[in-house]
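Here is a short briefing on backbone geometry and helix packing. Please look over the sequence and the model first.

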Amino acid sequence: LRSCSPGRARRTNASRRTCLVARFGDIYAQERLDAETLLRTYISDVEMVQRIIYIAAVESFHAAKMAYRQFKIRVRETLSLGHSGPESLEDTVLDYIVRHEDLYDVQASVNEVIRSMNINPKISFPPEIDFIVISTLIRELCRVAFSMQTLVPPLDIAFGTDGELFSETKYHRSFDSDFTAALVAYHVWPALMENDVVIVKGEAVTKR
């Protein structure tokens with residue numbers, strides 16, 4: 001094991017949170033649009049393209065959170081053998097993870113996301129193409145989602161379902177929405193949450 005810097009995770013929590021929230025916004029503004037442009041060369045249906053990207057975001061957070069939990073268990077088991085303080089074991093584990101996030105096997109998460117997307121009944125893709133074409137977006141989402149688990153409290157995305165009541169606090173309406181419609185037809189981008197409070201709005205399409 002590499003050496004740890006005690007208390008580093010909690011000392012840097014606020015600055016890391018600010019950077020990660022900004023990075024989430026950057027992915028929405030850049031990688032998401034790049035992925036959309038790429039997908040539209042294969043798929044003419046804009047709704048399907050946006051559904052694919054939204055599901056990629058949801059699955060990326062799910063895969064990264066699972067990977068983080070497994071990574072944390074392994075680190076705790078290893079560090080507990082020689083832990084003597086003064087920090088708590090949990091703080092020492094968190095410090096180690098923050099210092100060594102490069103040990104996160106992001107490619108394994110990307111593969112897991114693509115596997116999940118291949119069996120998702122809400123999205124489809126021309127058979128000659130693979131979801132791997134948007135792996136850059138998936139990789140960046142997995143990285144930011146994994147890092148968000150090291151925050152206290154961790155950040156997560158809101159759970160969204162087609163047909164849910166549109167929430168002004170959770171989402172912006174897409175420009176092609178019916179602004180009088182009360183229900184979400186589908187989601188374009190998830191909202192970012194901290195302790196069940198929205199800190200960055202997502203995007204949704206409302207239609208009658």
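Which residues in α3 meet which residues in α4? Arg-32, Ala-35, Glu-36 and Leu-39 in α3 meet Val-49, Gln-50, Ile-52 and Ile-53 in α4, where contact means heavy atoms within 4.5 Å.

This is a predicted model: local features need pLDDT of at least 70, side-chain atom pairs count only at pLDDT 80 or more, and totals for chains, interfaces and linings use all residues. Residues are numbered from 1 along each chain as its sequence is written, and side-chain values use heavy atoms, leaving out hydrogens and water.

- The residues of the contact of α3 with α4 divide into five nonpolar, one polar and two charged. Ala, Val, Leu, Ile, Met, Phe, Trp, Tyr, Cys and Pro count as nonpolar, Asp, Glu, Lys and Arg as charged, and the others, Gly among them, as polar.
- The axes of α3 (residues 31-39) and α4 (residues 46-80) come within 10 Å and cross at roughly 135°. Axes are lines fitted to C-alpha atoms over the stretch in contact, with angles from 0 to 180 degrees between N-to-C directions.

**Loop between β4 and β5**
- Asn-195 lies between β4 (192-194) and β5 (197-200). Its phi is near 50°, positive in a residue other than glycine.
- Asp-196 is in the loop between β4 and β5. Its phi is near 65°, also a positive value in a residue other than glycine.
- Asn-195 is exposed, at 58% relative accessible area, and Asp-196 is exposed at 71%. Exposed means over 50% relative accessible area (1.4 Å probe, protein chains only).

**Cis peptide**
- The peptide bond from Val-152 to Pro-153 is cis, with omega near 0°.
- Pro-153 sits in the loop between α7 (135-148) and β1 (155-157). Helices (H or I, at least four residues) and strands (E, at least two) are DSSP runs, numbered from the N terminus.

Note on methods:
Buried < 20%, exposed > 50% of the residue type's maximum accessible area, 1.4 Å probe, protein only.
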